[in-house]
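User: Hi! I would like to learn how to read strands and their partners in a protein model. Could you walk me through it?

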Amino acid sequence: MCISTALSAQKKITGIYRTMNDYLNKQLSYTADNGQASKIKLYTLAPKSYVTVSAAGSTTHIYKKDIFAYQLTSGEIYRIEGNHSYQILNNNPKLLLYKRKKPTSPKEGPADQFKYYFSAPNGAMQALTTWNIKQAFANTHASLPDQVDALFKRDAELLHYDSFHRMYKLEWLLQ
C-alpha cells in the first residue's frame, strides 16, 4: 500500500477545480501561467488539511475543504473528500460517479480492486448501491425505485456503460 501511495503522490497535477460548477464547465484554476506551470502539492503521505500551490516565486495554501477536484497531466480527475481522492468517472450534474482504489496486500490477489461511489445534486458522496441510489433520488424521480429494481439486479451492474447513448446506464435512467 505504501508503494502505491508513494507512486500516486508523484503524479503531476495540471490544475484545480474550486467548485463542482468549475468541474462541470471545465474551468481549471492554478494552471500554467505565462508558460510557467504551478506546482501543486497534495500531501498524500503525511496528510494535511490544505494543498500548497507554488507559482512565480509565491506559495499559497488552499484548504482541501475549499477544493472540489484536481486534474492530472494524464487527464484523470480526482475529487478531494477529507484526506482521500476519488477518481471522477463522468461529467453529469445530476449524478457524478467515482471510484477509489481499495488498499490490498499482495496476498489478497489482484491489486486493482475498486470501491465505487456517487454524488447526487446535493453533492454528498455515498457508496454506489441500489438502495442508496433509490434513496437519493426518491423525491425527484417517482418511478426510479422500480426502474432500478428492474434494470439492475446487483450493485455492480450500476456501472454498466451504454455505448449507444455514450453514458452510464444509470445516468441515462436519470434523464
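**Reading strand pairs**

Analyst: Strands β5 and β6 pair in the antiparallel sense over three bridges. This is a predicted model, where local features need pLDDT of at least 70, side-chain atom pairs count only at pLDDT 80 or more, and totals for chains, interfaces and linings use all residues. Residues are numbered from 1 along each chain as its sequence is written, and side-chain values use heavy atoms, with hydrogens and water left out.

User: What counts as a strand, and what counts as a pair?

Analyst: Strands (E, at least two residues) are DSSP runs, numbered from the N terminus. Two of them pair if DSSP finds at least two bridges between them. Here, β5 covers residues 69–72 and pairs with β1 (residues 13–17) in the antiparallel sense over four bridges.

User: Which residue in β6 is the bridge partner of Y70?

Analyst: That is Y78. Y78 also has a bridge partner in β7, namely Q87.

User: How many residues lie between β5 and β6 in their hairpin?

Analyst: Four, and G75 in that turn has a positive phi of about 100 degrees. The β6–β7 hairpin has two residues between its strands, and G82 in the turn has a positive phi of about 65 degrees.

User: Why is β6 largely enclosed by the rest of the structure?

Analyst: Buried means under 20% relative accessible area (1.4 Å probe, protein chains only). Four of the five residues of β6 (residues 77–81) are buried, so β6 is largely enclosed. β1 is mostly covered, with four of its five residues buried.

Conventions
Buried means under 20% relative accessible area, exposed over 50%, partly exposed in between (1.4 Å probe, protein chains only).
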